[in-house]
Amino acid sequence: MFTFPIDHQLDVPVGSNIVVTFSEKVVASAASSVKLVGADGTPFDATATVTDEGTGVIFSGPALAPGTTYGVVVGSAIDPSAKNLPTSGPLFSFTTRSATPKSAAPSLIAIQGTDPALFATAPHRPLFETSTIRLVFSEPIDPRSVVDDPASIQLVDGATNMPVPAVVVANGIHVSIDPVDDLAAGQTYTLKLGNRIRDLDGHTFIPAQIPLTPLATRGTVIKQILRTRGATDPGPKQTRSGAARNTIAIDKPLIGKTTSNLNNSALHAELGNPKALDGPIAFTIRKGQRLTASGLDVKLDGAIPSGLATGDIQIEILTDADGRLYRNPYQAAGQRPENQNAPVYVDLVLDVAVYATDPGGNAVLAQTILGIQATGTAVATDGVLAIETVAAMDFGLLGIATAPSNFVMELITDPAGVPAVDSDTAAPTMLASYPEAETDGQPVGAGIEVIFDEPIDLARANAGGVRLTDASNGDVAAVIESHGAAIVVRPLAPLKYSSRYHIVLADVADQSGNAAVGTTFAFSTEALQNTNIPITVSSVYPGAACTLTGGHCTGGKSSDDSYHPFTLPANEPIEVGFTQPLVANTIALGTACGKGTVRVEEFAGGTCKAAVPGTLIRRDRSLQFVPDVPWTPGTTYRLSLISGNNSGCDANEICGISGDAASFDPLNGMTNGDGGGNNLSIDFAGAPASTSTFMVAETTPFTDINGSGTVDGAEALRDENRAALRITDHSGIVTNAQFNSDCDPSTPEHEACMYLQGGMPVEMGELSTSCPLPDGSSAASCIPVKISAQTMYATSITMAATIAGIATINTDTKTSVMRVREPAGGPLMGYIVDRNGTPTMITALELYMDAHDMSLPLSSHDLHSKPMSLILVGPVTFLADGRIAIALTNTADVEIDVNISSITAGQVKMLLAKDQMKLQLLSRPIRGVER
Amino acid sequence: MKALIALLLLGRVAYADGGEIDLSDDTTDPGAAKKDEPAPPPRPAKDKGRPGFSGHRFYFRAGVAQVIPLSSSRELELADVDGAASLAVKNGPIAGSGADIASATIPAVIIGYTLPVLHDRLSIEAILGTPLNVKFHATGTLANESIAPMALGIPTGVPALGPELGEAKAIPPVVTLVYKLLGTEHAFQPFLGLGASVLFQYGAKVTNPTLIEVSQPTMSIAPAPGFVVQGGFDLRVHKGWHLRGDVKYIAGMLARARVEHIQVKTPSLPLFDTVEVGTAKMSVWVNPLIAQLGLGYDF
């Protein structure tokens, strides 16, 4: 009598439960007669189980492939009394969501849940006057390309040829267009989709115009109050979904299996004219209304406290939600009246803003989820209409993962008819921002996040209520994105370096019209100073941040550890981080073997077979490549970054802001003129998909914005990522040695700070028990974190060394390169454990330290592949803007002896004292991340 | 009542005149006894021993009976309301609703037996009639307003039922104990009676067009007992032939009708099209007044 998804449903999240419910108890032993099959009928490896109530069969979160059509075949053995099962073929079919970027130009794959080619004749969801127009694209759309504009997206009145005022909300593959006023029934409208719409790597949409004619469904507005059904409320005894009612179930290793239960909430619904559609009844739930759910006490993998509580979770209807009641498709056509065996179907589509009561939790959780398809049944009983809907959604977690979430909502018509909706009289309050007010160092490509305590009215914000202005108060073109209770002000073009900007919150109000007092905050972008030092890579995942010779970095010692063979799980992207901003037009993804400056190629027998189709997302100082289809386990691929054979920035070479070609062999020198050289070439093998949570943790903030290896005048010192060295002794020919500056006046010693930058792609695995830890202790449980062995670059420090008591020479170390070594037995691991209620990361880093460009007159030094061992420990916390912060420090003193060879030997003993290496690794901005 | 008094007076006059028609043989009549004469000895209880008593203990009277229900009803009550109907109506009485039963005229026969007691003044009678066609009518809001005008605030389009509800065949056998007020010698015999009756009904069916549009609901009526008071007269017209005028009132007769599986169209709610209302229960105080006129014979 009910299935989820419903037949022909598109855009079904891949983590959805697949449910088939019968009117009677099924034959439990025959659960295997319900099969999940591919479009060609090939059985899919998934096991059906009978629901607790015994009337349904469920596939719990089968590992479906994105963008794929599946069917569910139901054999009669499961319910021999069932009268409406097909004798052959699937009972229903559906198509999963594909939300990953694609190499092709974006296309429209659904409007109102319908294939656009079929929309005019057989809409899956008819368009009503009150409808929000919902589009699904084939891949994520660059949010900067979605604005209410005829070249982008615009709804035009066919009678007047004038734009229809509407709020346009975009998020990933979804775009919702919510007309400010209801549309006119029978009136022709045109939805214009222009070529300004583009995907994440700039492919433009082929313009299209879609005629729309809303059906007349409205008569006298019939208002209903729908409220969450409580334990003692009337309604059917059994669920139709086989799952707990009013519960959001989240299942992701990052936080384990957890649930959030809807609190008592009520929604005002408007029913359309019941006769208008000759059966189906349209209904609307107006935007601005809220459901409340119990908070999440977030624990990593359900065990390690994260220190993050959300408080109650609020779910606000972001656009007018529309739906309809219609006859059960599994009901015999002549069956009258409707009965419990085949209750009326409900189809509700909604866009929601999710946020949390607790500011910290809100910063992490706030998100907008578009296109939630809640389908279910409505059973009239005991004087109420009990609507039970099932929805699956992709729920953003901690800003680094998306969890499949299955949401069963049961609402009943309020028999008392008493409005139970609390009126909102409080204006939105700004809780946090990224960047914080009056800070500098904002990446120029990132969006600016403003986090409120409730969602704001996007129409007012777009109408000038929220503006980005430059130092002279001129408006900077930007779009405003919705992210739950947060917005992102995303400039259409990257901001200028070293510039001051303002976010002007002139007219911020919630959906109820409560306006906040206007305010403005300012921030500055990264201070970028010119440099002649070539760009290089700081992290390459999979791989190592250098060209390789004999399995280790070119320019290192031959005795250096070799990297283990590189693999990449099928579901993870390639990530490359650079030491300075890229010159955007030097980045070209190869579409054939040997072409482009960024090449991702499939190899066999040492020969390129083909370029891997995919999307290259270009950021200011990083690249991300997402293949169209997951990596094939066992297949060999090669990532190549082209640098050219000389330092000049020639065509078809990757270049940085220095004007030089990139250098990928930093151990051979990172000074002026060292650009070019060997291409970076990383061979890796595809691996099975990982259930771990992938995150690129980057040293943030960092000092060396221009990647020059020195602290240049405009660059701000960032104490969060630095190593403070002391000179503790000297001997031999070095008769004196000291640092001229002191970067840590809090200690009696003089320290010189090397400011660090780098990135560490990590995979947070599933909970382990009885964990031996790198510091010699152990933990009953831990989250293992696989750390990709990458490179940190450290800025130069200057040491005044007196040689043989004759001359004092100021020596710059120049760029120091700290390569992370992989343990011989496996990947580098860290562990997150519970330390007195605080999640704490512990890892042991074995490093090679190189200062290739340090030059001592008439001498040589041994800062080449100099081993260092560090135990790093630090808390895992969440910043006010929701980013994960891992603030590591070394737990013990580390001695670094620099041996000098000249006429005679000498030595300078340095100490990296306990806690004097600070490494703050942050996740990328949750919402404002560069597109 | 005036007619009854007139008949009584007429009986008295006939006795006094000693006319051909012997209206009374009641020697116990105080008006007829000779004050100076000793009372005659008691006679043996022979059927023909009493003046004017024919000796026939059985009698019948055949004629027509007008059954006039003095009905009143409780509010129609709904039960087992579930499904879509529960959005429009609730279990329990429908305010202002009611039902009544229409009058009917039927052939009826009275069969009686005069008991040999109390100077043959006591009889036991049974009234048998042809089955009574009972028609139930809706009254009040049940007739004039939709029983389910709205569901979830949506007009259902279910119309008012109108007056017609249903009908049934009823057999209301009545057994009474009748006491003749005058001696058996009187040609005019007024009497009073008390007794009991049970209304048996069969063939009950709903006839309301709205209620049978989709399907025929099941209607059943439980037997309804009542007690009877009776008054009337027998007028001997020739030998054993008598004219009978008789009025009975059956009190306390509560007919409980139950209509199950009611389905109604919801024309304004095409999504549902039809809803099953559940069960309707009607409790009608029938309390009929039965006026009967007949001719019969003692034998």
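Let's start inside chain A: Ala723(A) is buried, with a relative accessible area of 1%, where buried means under 20% relative accessible area, exposed over 50% and partly exposed in between (1.4 Å probe, protein chains only). Ala723(A) sits in strand β50 (residues 722-732) of chain A; helices (H or I, at least four residues) and strands (E, at least two) are DSSP runs, numbered from the N terminus.

This is a predicted model, in which local features need pLDDT of at least 70 and side-chain atom pairs count only at pLDDT 80 or more, while totals for chains, interfaces and linings use all residues. Residues are numbered from 1 along each chain as its sequence is written, chains are lettered from A and ligands numbered from 1 in the order in which they are written, and side-chain values use heavy atoms, with hydrogens and water left out.

Leaving aside residues up to four places away in sequence, Ala723(A) touches Ala752(A), Cys753(A), Met754(A), Leu756(A), Leu912(A), Gln916(A) and Met917(A); contact means heavy atoms within 4.5 Å.

Now for chain B. Chain B holds three helices and 19 strands, and 48% of its 299 residues count as buried. Among contacts in chain B with a separation of 6 or more, 74% are between residues 24 or more positions apart.

Asp246(B) lies in strand β16 (residues 241-251) of chain B and counts as buried at 3% relative accessibility. Its side chain makes a polar contact of 2.9 Å with that of Gln230(B); a polar contact is a pair of N or O atoms within 3.5 Å, where within protein one must be able to donate a hydrogen and the other to accept it, and residues adjacent in sequence count only if both atoms are side-chain atoms.

Here are the two residues side by side.

| Residue | Strand | Relative accessible area |
|---|---|---|
| Ala723(A) | β50 (residues 722-732) of chain A | 1% |
| Asp246(B) | β16 (residues 241-251) of chain B | 3% |

Finally, how do the chains meet? The contact takes 24 residues from chain A and 19 residues from chain B. Together the chains bury about 1600 Å², 68% of it on carbon and sulfur atoms; buried area is the accessible area (1.4 Å probe) that two parts lose on being put together, summed over both. In chain A, Arg336(A), Pro337(A) and Ala380(A) lose the most area to chain B, together 27% of what that side buries. Seven residue pairs are in polar contact across the interface (both at pLDDT 80 or more).
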